[in-house]
Amino acid sequence: MNTDQYLKKIRRDILQKRRALDVQQCSLAGLAVLNLLLAHPFFKQKKLTVASYASIHGEIETKDINLNLQRLGHILALPKVCDPKQGLMEFYSTAALGSAHEDLICGTYGIQEPSGDPNFLITPDRFDVVLLPLVAFDCRGHRLGMGGGFYDRFLKKLSDKCRLIGLAHDFQEVARLPKQEWDMDLDEIITPSRHLIF
């Protein structure tokens with residue numbers, strides 16, 4: 001089995017498990033991750049500019065995470081796909097997300113996105129931390145995404161000081177992920193039961 005076949009198999013197997021989760025399981029997992037985030041010394045510092053995302057298809061539920069980060073006074077931004085063919089996205093601040101993310105619109109791939117008001121655009125150099133979705137991770141901080149390269153391209157534009165934190169279910173860990181030349185390792189991964197720092 002070559003690298004491409006191996007990664008396709010991992011994606012298929014984990015996405016199948018993730019999509020089998022119900023809303024309550026994802027919500028409980030999100031609350032467990034939120035508790036670990038709130039205990040993180042980094043988030044108790046100054047007001048941070050945080051890139052997050054709106055979860056979908058069995059990902060760790062991020063509604064409570066996003067709302068709590070805003071309540072703590074951090075600037076929260078969510079992604080909007082601006083060029084699907086080139087695999088590009090931009091992040092826009094969401095100053096007043098409602099309790100159900102009702103201010104978001106259904107965007108590319110059915111993911112909830114900000115409207116894209118240019119007044120709320122946050123450039124990559126301004127972020128202190130990025131919370132990332134992922135399909136799989138390993139014990140060295142390697143991340144496997146959906147394969148579109150959206151995050152790979154975005155992460156290259158960040159400041160060297162920006163902290164990359166992946167959010168995942170425990171079952172998304174695999175023994176080893178091959179690192180490809182465009183991949184960027186994560187600084188940390190938070191699951192419902194663990195906080196891994198690399």
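Guide: Start at Asp-83, which stands opposite Leu-88 in β3. This is a predicted model, with residues numbered from 1 along each chain as its sequence is written. Local features need pLDDT of at least 70, and side-chain atom pairs count only at pLDDT 80 or more, while totals for chains, interfaces and linings use all residues; side-chain values use heavy atoms, with hydrogens and water left out.

Now the strands around that pair. β2 and β3 run antiparallel, joined by 6 bridges. Strands pair if DSSP finds at least two bridges between them. A strand is a DSSP run of E, at least two residues long; a helix is a run of H or I, at least four; both are numbered from the N terminus. Together, β2 and β3 make a hairpin with 4 residues between them.

Look into the turn. Gly-87 sits in the loop between β2 (75-83) and β3 (88-93). Its phi is positive, about 70°. Is Gly-87 buried or exposed? Gly-87 counts as buried, because its relative accessibility is 3%. Buried means under 20% relative accessible area, exposed over 50%, and partly exposed in between (1.4 Å probe, protein chains only).

What does Gly-87 touch, leaving aside neighbours within four places in sequence? Its contacts are Gly-148, Gly-149, Phe-150 and Arg-153. Contact means heavy atoms within 4.5 Å. Gln-24 is another story: 63 residues apart along the chain, its C-alpha atom is separated from that of Gly-87 by 31 Å.

Follow β3 onward. β3 also pairs with β6 (residues 121-122), antiparallel, over 2 bridges. There, Tyr-92 stands opposite Leu-121.

The whole structure has 0 disulfides (pairs of cysteine sulfur atoms within 2.5 Å). Cys-82 is in none; the nearest cysteine sulfur, that of Cys-106, is 17 Å away. Cys-82 is partly exposed, because its relative accessibility is 41%. Cys-139 reaches 52%, so Cys-139 counts as exposed.

Next, the spaces. They are searched on a 1 Å grid over the protein atoms alone. A pocket is an open set of points with protein on both sides within 12 Å along at least five of seven lines; in a cavity, a 1.4 Å probe fits but cannot get out. Lining residues have an atom within 4 Å of a point. Points are joined across faces, edges and corners, and a volume is the space filled by probe spheres set on them.

The largest pocket has a volume of about 900 Å³. Its lining has 39 residues; Gly-145, Met-146, Gly-147, Gly-148 and Phe-150 lie nearest its centre. Elements giving two or more residues to this lining include β2 and α4 (150-155). α1 gives the most, with 6 residues. By class, the lining has 19 nonpolar, 8 polar and 12 charged residues. Nonpolar covers Ala, Val, Leu, Ile, Met, Phe, Trp, Tyr, Cys and Pro; charged covers Asp, Glu, Lys and Arg; the others, Gly among them, are polar.

The second largest pocket has a volume of about 280 Å³. It is lined by 20 residues, with Ser-55, Ile-56, His-57, Gly-58 and Glu-61 nearest its centre. Here α2 gives the most, with 3 residues.

Last, the cavity. The count is 1 cavity of 30 Å³ or more. Arg-143, Asp-152, Leu-155, Asp-183 and Met-184 line the largest cavity. By class, that makes 2 nonpolar, no polar and 3 charged.
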